[in-house]
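Work through the two exercises below with the sequence and the coordinates at hand. Each task is followed by its solution in steps.

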Amino acid sequence: MSRGVVIVGASHAGVQVAASLKDLGYDQPITLIHGELPTPYQRPPLSKAFLAGQTDADGLVLRSPSYYGDKAITLLSGVRVTAISPEDKTLSLETLPGAPAAQNAPTTLSYDHLVLATGADARTLPVPGGDLPGVLKLRDMAEANALKTALAAAESLAIAGAGFIGLEVAATARKLGKTVTVIEAQDRVLARLFPPIMSDFITRRHQEAGTRFRFNATIDQVIEMENGGKQISLSGGDQITADLVVVGIGAEVNDTLGRAAGLKCGNGILVDETCLTSNPDISAAGDCAAWKLLGSSRYSRTESVQNAVDQAKIIAARLTGTEIPVQVAPWFWSDQLDIKLQMVGDALEFDDIVIRGSMEEAKFSLLYYQGDALVRVDSVNRAIDHIAARKLVTNRTSVPKDATADIGVKLKNFV
Amino acid sequence: MSKSTVKIGFRQPDGEIQEIDAPIGQSVMQAAIFNNVDGIEAECGGSCMCATCHIYLSDDLQAIAGEANEEENEMLEETAAERRPSSRLSCQITVVEDMNGKVFDVPDCQS
Ligand SMILES: Cc1cc2nc3c(=O)[nH]c(=O)nc-3n(C[C@H](O)[C@H](O)[C@H](O)COP(=O)(O)OP(=O)(O)OC[C@H]3O[C@@H](n4cnc5c(N)ncnc54)[C@H](O)[C@@H]3O)c2cc1C
Ligand code: FES
């Protein structure tokens with residue numbers, strides 16, 4: 001009997017592999033291993049609507065709980081894969097305490113093809129006190145629940161890291177009326193991802209909303225105070241206190257299983273343009289996979305829902321012998337305060353930036369050029385630019401700069 | 001969360017209609033996802049970022065749902081299936097009592 005496709009990790013990438021396989025008519029068994037409980041869910045709202053209390057866990061499900069059964073996808077929830085043995089194509093499994101006992105989860109499982117969609121984990125604050133209760137990370141539902149509860153009881157919070165997660169939590173916490181201080185080692189927000197003009201814009205908006213920033217500062221130590229609050233020592237000698245510390249200092253790729261199975265890894269599991277690993281029976285998708293972006297010779301990982309979903313569709317197409325979707329430029333979104341940010345393209349290597357629209361009114365796009373080619377577009381409250389930009393950037397289209405600067409000319413015209 | 005629901009339908013391109021109980025106050029997209037309606041991908045989870053929750057509204061549904069705002073209209077410019085005057089993003093429409101018994105049309109593709 002065929003053992004079909006087994007998928008490890010049931011988040012944006014894993015669930016999409018299963019769904020796309022079904023959509024494309026794959027008729028062998030599909031087993032989806034979900035290392036968490038209960039039902040696979042969306043992550044982006046964890047730092048936004050869920051934390052703000054605008055939606056509950058039911059509103060975050062990726063598919064309805066009955067979806068998997070209806071589609072004959074075997075979903076093993078609360079089950080973790082502990083090892084892969086590529087020689088005989090089997091997995092070792094362990095069931096988490098609290099997983100539905102009736103499930104009778106197996107301890108080993110065989111596969112014809114294996115898909116690793118194990119994602120990433122939030123990095124822990126690597127200093128004394130970085131693991132105290134009240135120093136919280138945000139990656140999964142359990143962490144989001146803990147943070148939400150703690151936030152309700154807190155008046156003040158210190159956030160380590162001015163990346164997307166840190167800034168989204170800051171925005172949400174300010175909305176809830178908390179005192180917020182963001183501590184960032186660099187001299188500006190999102191320094192790895194944006195040029196100063198965009199960092200400054202975002203910082204100003206957060207400052208107007210009441211968030212305080214400490215730039216060029218790192219946390220040396222966190223100490224629990226008698227009242228349960230935290231005393232935070234900053235490099236340079238300053239101390240600040242907060243009821244709660246939230247750590248948003250990046251993600252750590254979860255490629256342990258793949259490494260142990262002998263797959264070629266760098267920063268993540270290395271895959272080709274069809275998301276196949278160095279083992280012909282194993283694919284990888286999403287945050288755990290590193291591939292070469294269009295026009296690049298380096299392997300890199302993209303931590304975004306779009307990347308997870310697109311890579312999943314590529315795997316499903318390969319496994320069913322369907323036409324493989326072409327790689328498009330990576331895109332990402334973030335919601336902070338009244339800023340709806342949409343980015344497409346990766347390279348921060350550019351010769352020139354054109355500003356389209358009004359930064360004062362928070363309705364603009366930044367267009368990044370290498371020579372005449374459009375290589376990246378960051379839009380703030382300009383969805384119309386973003387949508388056109390996805391195609392323009394994928395094709396590195398040449399577009400006259402004076403034309404793109406003119407808001408009266410639609411970017412769509414150049415697609 | 002509201003407890004009361006209305007019955008709404010989704011018509012697939014082949015004409016088949018699936019009727020579901022949609023909670024009043026939820027988005028039409030959420031109700032569809034929760035009830036396994038095929039053909040609604042909702043990649044961005046309702047953030048008005050992906051345009052993969054596209055649906056078509058009948059005249060009476062358009063009157064009930066109201067107009068798309070500017071942001072949604074901009075996203076609608078790039079739907080994978082044909083954009084029509086009746087096109088909306090289902091994540092931007094709230095289920096209301098007057099939708100009881102009405103049917104939404106699912107386009108033939110989302111991406
Ligand atoms: C708070 C937050 C906000 C975000 N906001 C945005 C946003 O606005 N826009 C955007 O595009 N992206 C956003 N992201 C990023 C996005 O969520 C990720 O890129 C996406 O979740 C990656 O999906 P994935 O399936 O590759 O991995 P993950 O979502 O990391 O899932 C991996 C899964 O694999 C499981 N797993 C790992 N090892 C095992 C094992 N051995 N056995 C069984 N299961 C295992 C894990 O438990 C986990 O459930 C956000 C992320 C977070 C945390
Ligand atoms: S779900 Fe993405 S735009 Fe509606």
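A residue is near a molecule or strand if one of its heavy atoms lies within 4 Å of it. The model is predicted, with local features needing pLDDT of at least 70, side-chain atom pairs pLDDT 80 or more, and totals for chains, interfaces and linings using all residues. Residues are numbered from 1 along each chain as its sequence is written, chains are lettered from A and ligands numbered from 1 in the order in which they are written, and side-chain values use heavy atoms, without hydrogens and water.

**Exercise 1.** Describe the shell around ligand 1 by residue and by class.

Step 1. The shell holds 31 residues, and A:Ser11, A:Glu36, A:Arg43, A:Lys48 and A:Arg139 come nearest.

Step 2. Sort by class (nonpolar: Ala, Val, Leu, Ile, Met, Phe, Trp, Tyr, Cys and Pro; charged: Asp, Glu, Lys and Arg; polar: the others, Gly among them).

Step 3. Look for polar contacts, pairs of N or O atoms within 3.5 Å. A side-chain N or O atom of A:Glu36 lies 2.6 Å from an oxygen atom of the ligand, and a polar backbone atom of A:Val81 lies 2.9 Å from a nitrogen atom of ligand 1.

**Exercise 2.** Give the strand order and the pairing of the open sheet of three strands in chain A.

Step 1. Strands are DSSP runs (E, at least two residues) numbered from the N terminus, and two of them pair if DSSP finds at least two bridges between them.

Step 2. The order is E4-E5-E6 of chain A, paired antiparallel. E4 and E6 (108-110) of chain A are the edge strands.

Step 3. E5 (residues 90-95) and E6 of chain A are joined by three bridges; A:Leu91 stands opposite A:Leu109 in E6(A).

Technical notes: A polar contact is a pair of N or O atoms within 3.5 Å; within protein, one must be able to donate a hydrogen and the other to accept it, and residues adjacent in sequence count only if both atoms are side-chain atoms. Helices (H or I, at least four residues) and strands (E, at least two) are DSSP runs, numbered from the N terminus.
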